[in-house]
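Hello,

Here is the structure I said I would pass on. My notes on what was found in it follow below.

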Amino acid sequence: MTALASPLADAFWATSLRRWNAVCWVLFAAMAVGLVTTAPAGGSKYRAVALLGCVVLCYAVLDRFPGNPVVRPRVYLSVLVLGLGGLAYLGSSYAALFMVTLPHYWMFGRTPRASMGFLGVAAAATLAGSLVRQGWSAEFFGETLMSTLIVVAVGVLIGLWAHSVVAQSSERARLIEELERTQAQLSEAHQRQGAADERERIARDIHDTLAQGFASIIVLAEAAQAGIDHAPATSAQQLRSIESTARENLAEARELVGSAGQPGPGQVAAGSVALTLRRTLDRFAEDTGLTVDADLADLECDQQTRIALLRCTQESLANVRKHARASMVGVVLVRRPHGVELEITDDGTGFRVAESTGFGLDGMRKRLAELGGRLTVTSSVGDGTRILAMLPMASEVEA
């Protein structure tokens with residue numbers, strides 16, 4: 001019976017079936033002993049024992065060898081129906097066998113329709129055997145017919161209830177398995193998304209720091225090489241700038257390596273963003289020779305805001321250096337009621353914003369969006385460019 005109970009999801013129901021299997025063998029043994037000891041000697045006694053033996057033998061084969069090709073579940077139920085009809089005709093323990101094997105119709109019938117079909121056929125066979133033996137008598141109607149119908153009705157109700165319990169348990173097990181599978185898929189998706197976000201963050205930091213520094217080094221190296229003969233003082237200054245930029249890149253690289261796998265610079269170390277931007281602007285003016293007009297309010301902000309404003313400034317200045325062919329750059333940092341605004345303008349060649357496909361502007365937009373800010377880019381060919389970054393202060397974001 002274990003093989004038949006194993007597909008059931010509910011462990012309690014499977015345990016109940018195993019216990020009933022043990023009880024069934026005890027009842028089979030008691031019926032056999034009762035037939036041998038109480039039934040009158042004669043041919044009917046031996047025929048009754050033979051019928052009971054056939055039923056028990058088929059049940060034993062099905063129980064011990066559930067995959068055998070001969071005694072299948074419905075073969076056993078057919079033998080059981082014939083055995084009940086024969087015992088009812090012989091008048092030997094048919095009622096006891098009927099009650100003992102009542103759960104078998106539901107265990108082996110597989111479906112409620114098949115189970116009730118075999119149960120109905122068994123009841124009909126029992127009544128037919130009793131009718132042939134007793135005839136249309138008061139005993140047949142008062143005892144055999146009524147008791148058989150009551151037993152069948154109780155068996156149907158119990159069987160339908162048990163089938164409903166098993167179906168609910170199986171459905172519950174299926175839903176739990178589906179939920180666990182969905183949770184595993186969601187967890188895997190979150191891990192993949194987290195890894196993708198981390199890769200994007202690292203790529204953005206490399207682009208905004210190391211890549212810009214290397215580009216500056218290349219430009220300075222080319223300028224120093226071109227003027228090393230006729231402007232040695234200028235070339236010497238450019239070489240010093242190369243050394244300084246390389247050192248800054250090295251520090252940035254160490255910081256990126258140190259922050260790998262960490263939650264980010266969100267532990268808020270306050271400081272003046274104006275001083276940070278001033279150093280960047282002075283280095284830009286020194287390296288490029290462009291005029292930089294800066295109006296920087298002395299603001300105290302958290303580290304994330306300071307880094308975002310610095311990266312936006314670095315990316316904007318890098319775009320001016322590579323593309324704008326400008327002569328002047330203006331930078332304004334101001335506190336507004338809604339937060340902090342950083343405006344960077346140049347008088348360069350400009351571009352069509354809708355046709356821009358670079359990584360830099362998209363990276364700035366995403367960086368600001370992560371902090372609840374936004375980036376506005378205004379430009380047209382021949383009219384320069386205006387970059388406006390707006391960030392709410394940390395206290396306003398929390399509010």
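Which residues does UniProt list for "coiled-coil region"? The unreviewed entry gives residues 165-192. Please keep in mind that the model is predicted. In the model, the span 165-192 is 100% helix and 0% strand, with its end C-alpha atoms 40 Å apart.

The annotation "transmembrane region", also from the unreviewed UniProt entry, covers residues 20-39, 46-62, 74-102, 114-132 and 144-166. Among these, residues 46-62 are 100% helix and 0% strand, and the C-alpha atoms at the ends are 24 Å apart. Residues 114-132 are likewise 100% helix and 0% strand, with 27 Å between the end C-alpha atoms.

Helix H4 takes in residues 73-90, which is 18 residues. From its first C-alpha to its last, H4 reaches 26 Å, close to the 26 Å expected at 1.5 Å a residue. Buried residues in H4 include Tyr76, Leu77, Leu80, Val81, Leu84 and Leu87. Pro73, Gly83, Gly85, Gly86, Ala88 and Leu90 are buried in H4 as well. An α-helix has 3.6 residues a turn, so residues three or four places apart point the same way. Just after H4, Gly91 has a positive phi of about 75°.

One residue further along the chain is worth a look. Glu248 sits in helix H9, residues 232-259. Glu248 and Gly213 are 35 residues apart in sequence, while their C-alpha atoms are 8.0 Å apart in space.

Regards

Key:
Residues numbered from 1 in each chain as written. Predicted model: local features only at pLDDT ≥ 70, side-chain atom pairs only at ≥ 80, totals over all residues. Heavy atoms only, no water. UniProt positions renumbered as here; feature names shortened; annotations may be inferred. Helix = DSSP H or I, 4+ residues; strand = E, 2+ residues; numbered from the N terminus. Expected span 1.5 Å × (residues − 1). Buried < 20%, exposed > 50% of the residue type's maximum accessible area, 1.4 Å probe, protein only.
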